[in-house]
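Student: I'd like a close look at how the inside of this protein is put together. Could you take me through one part and then link it to its surroundings?

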Amino acid sequence: MSSAVAGEPASTISPSQVHPAFEWKGSRPIESLNLVVEEYRHRVTGALYYHLAADNPENVFLVALRTVPSDSTGVAHVLEHTVLCGSERYPVRDPFFMMIRRSLNTFMNAFTSSDWTAYPFASQNRKDFFNLMDVYLDAVFFSRLHELDFAQEGHRVEFAERDNPRSELKFKGVVFNEMKGAMSSATSTLWQTLTKYLFPTTTYHHNSGGDPEHIPDLSYRQLKAFYKTHYHPSNAVFMTYGDIPAIEHQRRIHDQALSRFERLDVDIAVSDEKRYHAPLRVQESYALDESGDLSNKTHIVIGWLLGHSTNLKQQLEAHLLEGVLLDDSASPLRHALETTDLGSAPSPLCGLEPSNREMSFVCGLEGSRAENADALEQLVLNVLEQVAQQGIDAERVEAVLHQLELSQREISGDGYPYGLQLVLEGLSSAVHRGDPAEALDLDPVLAQLRELIGDPDYIPRLVRELLLDNPHRVRLTLVPDAQLAQRREAAEARRLQTIAQRLDETQRLRLVEQAQALEQRQQQVDDPTVLPKVGLEDVPADMHIAEGGQTTLDACPLSYYPQGTNGLIYQQVVAQLPQLGDDLLDILPLYTYTLTQLGCAGKDYLAVQALQTSVSGGINASSSMRGGVADVQALAGWFVLSGKALARNHGALSALMRDTLVAPRFDELPRIRELVAQQRARREQSVTGNGHALAMLAASAGLSNGAALAHRLRGLAGIQALKRLDDGLAQADRLQQLAASFADIHTRILQAPRRFLLIAEDERLQQARAELSQAWETHPPHTEPFSAFAAEPVRRQVREAWVTNAQVNFCAKAFPAVAMEHEDSAALSVLAGFLRNGYLHRAIREQGGAYGGGASYDSDNAAFRFYSYRDPRLEETLNDFDRAVDWLLEEKHEWRVIEEAILGVISNIDKPGSPAGEAKDAFYNELYGRTPELRRQFRQRVLEVRLEDLQRVARTYLQPDKANIAVVSNAASCERCEALALEVKTL
């Protein structure tokens, strides 16, 4: 590992202590990230260990194994699941999910990538952190790999009537059903099919998650053999982040795991792909369960295989080229794809894939026709040829480098913990035996690129070398097939019939016995005391809430938060949402989506998009609505314009945000038409990956006006309305009418009372306020009478089944509950985790075979919801929701189960975010009446919940006659929903 400081050897920043089992290889400070990357190697096994030393109490651990499958049986994915089902020191059936409940973790999961499998977690509690490390190390290196766990998590053949050896056979298994759901997505199918041809000989040719047609080919013996060779320390990469010194991690890693191994003479790696000598053009099909004309549902993409991802200069050059071609609508290739009539929108695959050993670049269209493939390919090549001949304006190239710099500096952490994001950014390089410290330290290479772009032929040369003169190019045309899903189901049925015909009586009885043994194993109660835990005594006394101040800016309230944002400034303009009629309310999401992607202040959208890229990290508009803390039917709403920039660009950001709000170009009708088509494509694609959330929105839609609007604007009803609107724009004057409606909404928002939010480092706030004031000094707020947004109370019962293109089901049931201020709200929050941990996980995932299932309490809409995700069952799952309540009321329960549910709620409440995210969270909670005092009171109530509280609120609110039901499934399954008295709706 090289030193980040010119002329300074790495050894001058050596760690104060190193465990004798590890050899220190070097350290590299990364100033822009405020951390030091330390590299170590375990002396005996050769295991790599990287520690990202940072002043952050949210510590992160990850162990990754290079997993390189040679088929699409999903062996690495099934192994990821099965490894977590019990180990040598922790011989319980489900230690992973049991530890989620016994922990204050801020993140726990496991990932299967195309060529690695990783097991990460994060925690702010030191005791909890090392508890989790012990369990993870034992799970990864000393897993039991019980055959029944393989049957549960991977796949098995079972009789439809479990104890009847004459009933028909079914394939079951969590991964089997998970991948059926995953491969229902056209985007997933598109990517897997493209990589099959881009990588004809290496591991990326295969579906590492598993193809449902091939998963049943995986044997238990093959699983164990893969584990033996791949899950060895000699093939492992360890990474940690945070303020715990590396030596403490080393001691634990060595003592608990590595001390028991010798070096394994194995070199698991991905070889370089054999290169094509000429472009390849292929056509395949994907399943689309829709009626009508499907000819304009074709995907056409073009992919190139590039160089090694471990070469940071080559990777950043590829990122630079991606940005120049695709960053925004003013980029030449994106502009061509957005404005052509060959398809409805740029493909979701557009961009660079940098994580594989060899990178790939993809562009294309969705919503196209198969006969457009030649024309699209020629369009793309013409754009690339034009760039190669004419070059790109230096300002555009500099803007892309600006985006790379901004992304390097920004401290994220509102989804994954920030430390985990950094670890994952370096992991691919480590797995491919590169230098993760170099991958994280972009500044030296950015400086090098900044010099190179001074040559006007630099970008044209990259276009020629990486794309135009690169023969390893694949054009894939993926056409819809309305019968493909039926043919696959028929083939699966024939396969099962063949298996059944070959079974003798002994084998049939064996299947019955296996099903019985699996059920007994799933029902067994393990001794939880073998696992480490934290308890309520380990919960911090208080919760962290970001603190800020308030002043005025030209008579408007200005809230400001001093936060450690690493040189970025975040700004928001927040306006009270005006009263809108139904016609305007329905298009509110489209209005906010298009507003920041149009021209403004006399500039067209191409100029504004280029300006956004050059001075900001993006400008976005949104709307937000939440019920009152005492009455959820007392709905409030806000319009929000958000932006962020490096401190040096904040003045320009302020002016651009002002112009975006004051003078948008609703006259750009062709642009509006493009944006509607793009939004439709994105919303339609979201269903298979987010079906459980959409089902919960639908089931809750009758419980409050806020829930009804959520379903209407961002749920299934919203997708349905968007499709109708998009189809209707073909009629004369409809587009003009839509633009006029956008302008109507905008006029009302301009008349609304507004306020400002600023988040920056303390020393930058004064300058930021001055820049904000200067931008708005000539645009004082309106003083005319204003009609604020309001909605009539809603209360109706919902029983719906929504038809979509999915091989699995998403089920939801919702009950009316109470708002946050009510004394029962805390018990309802704990109840959700209690039912998930104690009953739903076993019934829906382990026994039912769904990828996931659980319950949640929504205080904003006073709703308690049950849900399942990628579920092979439907009616049985809905019944399991009711049985969960019976289980609570009829069975005896230990205190530890209640304590675990409480810990889950507290962990979620106390989970840290990014510096900017924590400030926004504090601001909006206050804005909606959720004061720090009320939030702390709710947290204290959670800590005081007892079993009798859970039983009382279950009896009070989870009454069967008040249930609201929504399911998302395919047409065949929804036909059976009529027996459940569900109204069938089609997207």
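Which residues have the most contacts inside the largest nonpolar core, and how many residues does that core have?

Tutor: Happy to. This is a predicted model, in which local features need pLDDT of at least 70 and side-chain atom pairs count only at pLDDT 80 or more, while totals for chains, interfaces and linings use all residues. Residues are numbered from 1 along each chain as its sequence is written, and side-chain values use heavy atoms, without hydrogens or water.

The largest nonpolar core has 66 residues, and those with the most contacts inside it are Phe61, Val83, Tyr119, Phe141 and Phe238. A core here is a set of buried Ala, Val, Leu, Ile, Met, Phe, Trp, Tyr and Cys residues joined through side-chain atoms within 4.5 Å; buried means under 20% relative accessible area, exposed over 50%, and partly exposed in between (1.4 Å probe, protein chains only). Helix α3, residues 126-141, gives the most to this core, with ten residues. (Helices, H or I of at least four residues, and strands, E of at least two, are DSSP runs numbered from the N terminus.) Apart from this core lies another one of 59 residues, including Ile844, Phe881, Ala884 and Ile902. In soluble globular proteins, nonpolar side chains tend to be buried together.

Now for a sheet. Six strands form an open sheet in the order β25-β26-β24-β27-β23-β28, and the pairing is mixed. The edges are held by β25 (852-858) and β28 (983-986); each has a single partner strand, so one side of each is left without a neighbour in the sheet. Strands count as paired if DSSP finds at least two bridges between them. The partners β25 and β26 (residues 863-869) run antiparallel and are joined by seven bridges, one of which pairs glycine 854 with tyrosine 867 of β26.

Follow the chain on to arginine 870, in the loop between β26 and α30 (875-890). Arginine 870 has a positive phi of about 50 degrees although it is not a glycine, and its relative accessible area of 11% makes it buried. Asparagine 566 is another non-glycine with a positive phi, of about 60 degrees. Its place is the loop between β18 (556-562) and β19 (568-576), and it counts as buried, at 11% relative accessibility.

The whole structure has zero disulfides, taking a disulfide as two cysteine sulfur atoms within 2.5 Å. Cysteine 556 is in none, and the nearest cysteine sulfur, that of cysteine 600, is 20 Å away. Cysteine 556 is buried, with a relative accessible area of 3%, and cysteine 85 is buried too, at 5%.

Arginine 658, in helix α22 (residues 650-662), is buried at 17% relative accessibility. Leaving out residues up to four places away in sequence, arginine 658 touches Ala775, Trp776 and His779, where contact means heavy atoms within 4.5 Å. Alanine 439, in helix α14 (residues 436-440), is partly exposed, with a relative accessible area of 21%.
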